[in-house]
Amino acid sequence: MLIKHERRLLTKAAHAVAGRISVKREQDRSWPSDHSRLCALASLGKVRWLGEQAGPHLGGMFASWEITERGLASLEAMTSDHLSDMR
C-alpha cells in the first residue's frame, strides 16, 4: 500500500518549491498519517528530514522533508512503469 502513497507524496514533493513537503500537526498534537509515511520514505533515502518548525498561527507546528535524488529516480521509475502498464 505504501507504493500508492509513495507515488503521491514523492509527486507532491517533486512539484513543490525546492522539492519540499510538509505536514501540519493536528490540534490534539498527533501527526496525520502522512507523517509516518514520510518517515518511512526518509528511512529509504527517498526524502530527507528537514525538521519541525512553528507555523504562522499560534500552536501550529509543521514537519518538513525534501525529496532526494533517490526519490526522484524512484518516482521516475514508478511513473514509467505506470505508463507502460497502461499500454
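User: With which side chain does the side chain of glutamate 6 make a polar contact?

Analyst: This is a predicted model, in which local features need pLDDT of at least 70 and side-chain atom pairs count only at pLDDT 80 or more, while totals for chains, interfaces and linings use all residues. Residues are numbered from 1 along each chain as its sequence is written, and side-chain values use heavy atoms, with hydrogens and water left out. A polar contact is a pair of N or O atoms within 3.5 Å; within protein, one must be able to donate a hydrogen and the other to accept it, and residues adjacent in sequence count only if both atoms are side-chain atoms. At 3.2 Å, the partner of the glutamate 6 side chain is the side chain of serine 74.

User: Is glutamate 6 buried or exposed?

Analyst: Glutamate 6 is placed in helix α1; helices (H or I, at least four residues) and strands (E, at least two) are DSSP runs, numbered from the N terminus. Buried means under 20% relative accessible area, exposed over 50%, and partly exposed in between (1.4 Å probe, protein chains only). Because its relative accessibility is 3%, glutamate 6 counts as buried.

User: In which helix does serine 74 lie, and which residues does serine 74 touch, not counting residues up to four places away in sequence?

Analyst: Serine 74 lies in helix α3 and counts as buried because its relative accessibility is 14%. Contact means heavy atoms within 4.5 Å. Glutamate 6, not counting residues up to four places away in sequence, touches Leu41, Lys46, Ser74 and Met78. With the same exclusion, serine 74 touches Glu6, Leu10 and Lys46.

User: In what order do the elements of the protein run from the N terminus on?

Analyst: The secondary structure comes to three helices and three strands. From the N terminus on, these elements run α-β-α-β-β-α.

User: Which strands stand at the edges of the sheet?

Analyst: The three strands form an open sheet with antiparallel pairing, in the order β1-β3-β2; two strands pair if DSSP finds at least two bridges between them. Each edge strand has a single partner strand, so one side of each is left without a neighbour in the sheet; these strands are β1 and β2 (47-54).

User: How many bridges join β1 to β3?

Analyst: Serine 22 stands opposite serine 64 in β3, and valine 23 stands opposite alanine 63 in β3. The two strands run antiparallel, and the number of bridges that join β1 to β3 is five.

User: At about what angle to β3 does α2 run?

Analyst: Axes are lines fitted to C-alpha atoms, for helices over the stretch in contact, and angles run from 0 to 180 degrees between N-to-C directions. Helix α2 lies across β1, β2 and β3, and its angle to β3 is about 35°.

User: Which residues have the most contacts inside the largest nonpolar core?

Analyst: A nonpolar core is a set of buried Ala, Val, Leu, Ile, Met, Phe, Trp, Tyr and Cys residues joined through side-chain atoms within 4.5 Å. The largest such core has 13 residues, and those with the most contacts inside it are Leu10, Ile21, Leu38, Leu41 and Trp65. At least two residues of this core come from each of α1 (2-15), β1 (20-24), α2 (33-43), β3 (61-67) and α3 (69-86). Not counting residues up to four places away in sequence, tryptophan 65 touches residues that include two of those named, Ile21 and Leu38.

User: How far apart in space are glycine 51 and phenylalanine 62, C-alpha to C-alpha?

Analyst: Glycine 51 lies in strand β2 and is buried, because its relative accessible area is 14%. Leaving aside neighbours within four places in sequence, glycine 51 is in contact with Phe62, Ala63 and Ser64. Glycine 51 and phenylalanine 62 are 11 residues apart in sequence, and their C-alpha to C-alpha distance is 8.3 Å.

User: What is the phi of arginine 29?

Analyst: Arginine 29 is found in the loop between β1 and α2 and counts as exposed because its relative accessibility is 60%. Although arginine 29 is not a glycine, its phi is positive, at about 75°.
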